[in-house]
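Visitor: I have a structure to look through and would like to ask about it piece by piece. Could you put it on screen?
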Amino acid sequence: NCGVSPGVAGCSNPDDAGNWAGFDVEVCRAVAAAVLEDPDAVRYTPLSNTERFTALQSGEIDMLSRTTTRTLNRDSALGLNFAPVMFYDGQGFMVRESMDVDSVSQLNGATVCVSAGSTTELNLADYFEANGMTYSPVRFDRADEVLAAYDANRCDVYTSDRSGLAARRLVMNDPSEHVMLPETISKEPLAPAVRHGDDQWFDIVTWTVYALIEAEEYGVTQDNIDEMLASENPIITRMLGGEGAPVGEWVGLDNKWVYRAFTSVGNYGEIF
């Protein structure tokens with residue numbers, strides 16, 4: 001059971017038939033292939049910012065792969081464990097070109113659409129306070145509500161991670177009317193997360209992610225993986241379940257779990 005965004009192009013988005021696709025979705029599929037021997041053995045649960053952590057804490061989902069920033073509070077007080085960072089993002093701002101604004105410093109007194117319960121909301125408050133500026137937040141629980149409000153002129157500014165802004169700009173009524181300002185006001189290391197308390201599951205999710213990254217570094221792809229099984233590099237052969245190390249036994253799986261992840265989704269670069 002994998003928690004994902006309700007719909008962000010490139011990250012996690014369902015088509016008209018309900019088939020999910022995107023960067024975060026592929027991470028879920030890789031883990032399912034490793035553990036359940038089937039990349040399609042995933043139930044996707046779309047979650048808002050305010051729903052996502054409760055869903056994970058309560059056991060409604062097994063992992064969260066949903067453009068979620070790793071923070072100290074979430075990694076400790078909220079009882080989550082984060083796998084390796086999959087994508088480094090940063091918070092930006094989008095405005096209408098007609099505003100004739102080319103810097104965040106010109107947004108004093110603006111109304112800003114923002115997702116409630118997100119690091120985006122906190123960063124926004126910190127940045128404006130630190131720079132002696134005022135603003136009026138317009139908060140929504142779901143990303144599609146934030147987008148709809150901004151597109152309907154209910155606020156002057158839309159703030160979110162820059163990748164999210166770029167994706168959502170594409171589905172606006174007229175994308176050419178909107179521009180992203182140059183400033184990036186935060187670091188947003190986005191990573192999958194699981195609950196505290198199940199070290200084996202945490203190890204599996206963590207090392208599936210590491211393996212996807214390692215595969216790209218060593219040139220292991222979906223097309224050449226069977227050739228790579230005969231590689232003279234012992235690191236590659238061990239990773240793929242060849243002789244030399246009980247990589248499956250270490251995490252409670254068979255030795256082909258990493259091989260299945262690669263053949264199902266490819267390496268990190270292919271997913272990206």
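Predicted model: local features only at pLDDT ≥ 70, side-chain atom pairs only at ≥ 80, totals over all residues.

Visitor: How many salt bridges does the structure hold?
Guide: The structure holds 6 salt bridges.

Visitor: Which residue does E51 meet in a salt bridge?
Guide: The side chain of E51 meets that of R142, with an N to O distance of 3.6 Å. This pair links distant parts of the chain, since the partners are 91 residues apart: E51 lies in helix 2, and R142 in the loop between strand 10 (135-140) and helix 5 (143-151). E51 is partly exposed at 35% relative accessible area, and R142 is also classed as partly exposed, at 24%.

Visitor: Which residue pairs with R70, and how far apart are the closest N and O atoms?
Guide: R70 forms a salt bridge with D75, and the closest N and O atoms are 3.2 Å apart. R70 counts as partly exposed at 36% relative accessibility, and D75 counts as partly exposed at 23%.

Visitor: And what about R260, is it buried or exposed?
Guide: R260 is buried, with a relative accessible area of 14%. R260 forms a salt bridge with D254, where the closest N and O atoms are 3.0 Å apart. D254 is partly exposed, at 32%. Elsewhere, salt bridges that share partners join E26, R29 and D40 into one network.

Visitor: Where is R29, and what does it touch?
Guide: R29 is in helix 1, which covers residues 23-36. R29 is buried, because its relative accessible area of 15% falls under the 20% cut-off. Apart from neighbours within four places in sequence, R29 is in contact with P39, D40, V42, Y44, S264 and V265.

Visitor: S264 and V265, which helix are those in?
Guide: S264 and V265 are among the buried residues of helix 11, together with W257, V258, Y259, R260, A261 and F262.

Visitor: What covers the buried residues of helix 11?
Guide: The cover includes helix 1, helix 7, helix 8, helix 9, helix 10 and helix 12 (268-271). Helix 11 is followed by G266, whose phi is positive, near 90°.

Visitor: Next, L240. Where is it found?
Guide: L240 is in the loop between helix 9 (234-239) and helix 10 (247-251). L240 is buried, with a relative accessible area of 0%. Not counting residues up to four places away in sequence, L240 touches V220, I225, M228, L229, N255, K256, Y259 and F262. The C-alpha atoms of L240 and K256 are 6.4 Å apart in space, while the two residues are 16 apart in sequence.

Visitor: Changing topic: which residues gather in a patch of negative charge on the surface?
Guide: The patch consists of E216, E217, D223, D226, E227 and E270. Helix 7 (199-217) and helix 8 (225-228) each supply at least two of the patch residues. E216 belongs to helix 7 and counts as partly exposed, at 39% relative accessibility.

Visitor: Which residues other than glycine have a positive phi?
Guide: T67 has a positive phi of about 35° although it is not a glycine, and D100 has a positive phi near 55°. Most residues other than glycine have a negative phi.

Visitor: Where are those two?
Guide: T67 lies in the loop between strand 5 (63-64) and helix 3 (72-75) and is partly exposed, at 22%. D100 lies in the loop between strand 8 (91-96) and strand 9 (110-115) and is exposed, with a relative accessible area of 67%.

Conventions. Residues numbered from 1 in each chain as written. Heavy atoms only, no water. Patch = residues over 30% accessible without salt bridge, like charges linked within 9 Å, V, L, I, M, F, W, Y side chains within 5 Å. Areas by Shrake-Rupley, 256 points an atom, 1.4 Å probe, with all protein chains shown as cover. Salt bridge = Lys/Arg side-chain N within 4 Å of Asp/Glu carboxyl O. Lys, Arg positive; Asp, Glu negative; His and termini not counted. Charge placed at Lys NZ, Arg CZ, Asp CG, Glu CD. Helix = DSSP H or I, 4+ residues; strand = E, 2+ residues; numbered from the N terminus. Buried < 20%, exposed > 50% of the residue type's maximum accessible area, 1.4 Å probe, protein only. Contact = heavy atoms within 4.5 Å.
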